[in-house]
Amino acid sequence: MATRREFIIKSAMAGAVAGISAKSYARIIGSNDRVRVGCVGFSDRFRSSHVPPFKALMKEMNFEMVALSDIWNRRREEGKAFIDKQLGSDVKVFNNNDDLYASKMVDAVFISTADFQHALHTIEAVKAGCDSYSEKPLAETMEDNRAVLKAVRDSKKIVQIGSQRRSGANYHAANDYIKSGKFGPIVMVELMWNVNQPGRWRRPELVKNLKESDVDWKRYLMNRPFEAFDPRKYLEYRLFWPYSSGIPGQWMSHQIDTVHWFSGLPHPRSVVANGGIYQWKDGRTNADTLTVVFDYGPANDLKSGFQVQFTSRFSNAAGDTKELYYSNGGMINLDTNEISATGGLREREASAMGLKANLLQPLKLEGIKVETDANTGGDILTFNHIKNWMECVRSRKEPNAPIEAGYQHSIATIMSNAAYRTGEKVTFDSKRQEVLAGGKVFKY
């Protein structure tokens with residue numbers, strides 16, 4: 001028997017496909033041309049979360065998966081077998097992106113490679129004339145972040161950042177409500193993301209069998225400092241800096257993106273962080289427990305603004321995920337999708353101080369709870385997000401999560417990583433577009 005969540009997802013997919021017709025796309029210039037798509041990096045994310053929406057939408061939207069690029073021989077073999085079976089394709093396989101783009105056989109690509117590679121692979125794609133669906137985090141250093149922003153803007157290509165909350169009905173409703181002024185100024189945001197999964201980001205069986213001859217290690221490192229081949233840093237990169245910031249880039253980047261979206265602020269004014277490796281003593285260098293505190297507000301008005309607190313732990317799942325926005329009048333709870341007067345200033349207390357209370361009326365937002373499992377499958381937010389990208393590839397309109405959204409969430413994640421690694425209060429130099437820890441530019 002299908003679960004309620006499975007029913008919702010299947011219904012949404014069916015409805016989305018039913019709402020697309022060849023006739024509707026015939027009105028768009030170039031709509032008769034088939035969009036040829038390539039997979040850059042056959043990852044778990046691509047297999048479980050990109051393919052199902054693409055499969056549901058590709059026929060009516062006239063898209064086709066034609067190519068796969070991966071620097072690991074095993075992934076090339078597995079990827080071709082999987083894609084051909086799922087999509088009825090006969091994809092051409094490439095050992096690297098240079099060969100893929102030299103073939104001139106793709107118009108757009110999915111990028112779901114290692115965290116530190118997203119920006120660099122997006123640059124490759126747009127310079128080769130391709131649109132891109134690029135997973136988050138967009139960048140883990142400001143050098144890469146600035147480079148990808150410039151490359152995408154110069155190319156005028158359609159790039160959707162994989163921040164799928166931006167395609168959620170509940171998030172759009174919350175954004176509209178805040179921007180309407182009904183909520184009042186944001187005074188505090190509490191974010192949480194907890195799991196208790198010893199295997200999260202671990203691949204011990206694959207690590208045991210991976211040999212250097214199976215992969216192009218030098219190409220994998222890209223612009224990171226050279227070091228000897230390490231299968232863990234190839235397969236379990238999310239545990240190791242500078243290949244990933246871990247918690248900030250993987251999880252916090254999703255939730256902090258909504259702060260930028262809802263508030264209209266491009267980055268924090270300052271960040272402090274504390275944490276450590278308290279539970280999983282397995283050689284990792286990224287924290288398994290982290291608390292980050294942000295100060296947000298106008299750079300030219302330090303007397304106004306709000307605080308954001310993000311906490312995450314791998315050692316106990318209690319609390320799960322939370323996204324709570326507070327004003328003086330109440331709360332937006334994006335875990336339950338409710339707006340309420342919870343915690344708000346009461347009318348009697350306000351009157352006694354000669355103030356006017358902003359009494360929020362209970363309101364239910366449309367949407368479903370965000371999935372936090374390692375394998376999210378065909379979750380509805382990702383489905384909507386990929387659908388939006390495919391539509392924008394056709395229409396050439398700006399997607400829901402444009403390059404600027406990725407640039408901004410990357411500033412916040414880089415600031416968080418810098419604060420954790422240096423122990424300093426971290427700020428952002430807007431003129432130089434640099435993250436400063438203790439007044440010094442943060443790099444590695």
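Is helix α15 largely enclosed by the rest of the structure or largely open, and how many of its 20 residues are buried? In this predicted model, 15 of the 20 residues of α15 are buried, so the helix is largely enclosed by the rest of the structure.

## Overall composition

The protein contains 15 helices and 17 strands. Of its 444 residues, 55% count as buried. Contacts between residues at least 6 apart in sequence were also considered: 74% of them join residues at least 24 apart.

## Nonpolar cores

The largest nonpolar core comprises 83 residues, and Y220, F294 and I332 have the most contacts inside it. Helix α15, residues 403–422, supplies the largest share of this core, with eight residues. Another core lies apart from it and has 27 residues, including C39, F54, M58 and L68. In soluble globular proteins, nonpolar side chains tend to be buried together.

The surroundings of F294 can be given in detail. When residues up to four places away in sequence are not counted, F294 touches M252, I256, P268, S270, V271, F306, Q307, V308, F310, A412 and S416. S270 is buried, because its relative accessible area of 11% falls under the 20% limit for burial. Beyond its neighbours within four places in sequence, S270 is in contact with V293, F294, D295, M415, K425, V426 and T427.

Helix α15 has 20 residues and reaches 28 Å from its first C-alpha to its last, close to the 28 Å expected at 1.5 Å a residue. Just after α15, G423 takes a positive phi of about 75 degrees.

Helix α14, residues 380–395, has 16 residues and reaches 22 Å between its first and last C-alpha, close to the 22 Å expected at 1.5 Å a residue. This helix is mostly covered, with 13 of its 16 residues buried. R396 follows α14 and has a positive phi, near 65 degrees.

## Packing of α7 against α15

Helix α7, residues 142–155, packs with α15 at an angle of about 175 degrees, and the two axes are 10 Å apart. The two helices are therefore roughly antiparallel to each other, since an angle over 145 degrees counts as such. On the α7 side the contact is made by M142, N145, R146, V148, L149, V152 and R153, and on the α15 side by I403, E404, G406, Y407, S410, I411 and I414. The residues of this contact divide into eight nonpolar, three polar and three charged. An α-helix has 3.6 residues a turn, so residues three or four places apart point the same way.

Where does L138 stand, buried or exposed? L138 is buried, with a relative accessible area of 0%. Leaving aside neighbours within four places in sequence, L138 is in contact with H118, A119, T122, N145, V148, I161, I403, G406, Y407, H409 and S410. L138 and S163 are 25 residues apart in sequence and 9.6 Å apart in space, C-alpha to C-alpha.

## Backbone geometry in loops

Most residues other than glycine have a negative phi, and most peptide bonds are trans.

| Cis peptide bond | Omega |
|---|---|
| K136 and P137 | about -5 degrees |
| W241 and P242 | about 15 degrees |

P242 is placed in the loop between α11 (231–235) and α12 (247–263).

With a relative accessible area of 27%, M222 is partly exposed.

Definitions and conventions
Residues numbered from 1 in each chain as written. Predicted model: local features only at pLDDT ≥ 70, side-chain atom pairs only at ≥ 80, totals over all residues. Heavy atoms only, no water. Core = buried A, V, L, I, M, F, W, Y, C linked by side-chain atoms within 4.5 Å. Buried < 20%, exposed > 50% of the residue type's maximum accessible area, 1.4 Å probe, protein only. Helix = DSSP H or I, 4+ residues; strand = E, 2+ residues; numbered from the N terminus. Contact = heavy atoms within 4.5 Å. Expected span 1.5 Å × (residues − 1). Axes fitted to C-alpha atoms, helices over the stretch in contact; angles between N-to-C directions. Parallel < 35°, antiparallel > 145°, perpendicular 65-115°, else oblique. Nonpolar A, V, L, I, M, F, W, Y, C, P; charged D, E, K, R; others polar.
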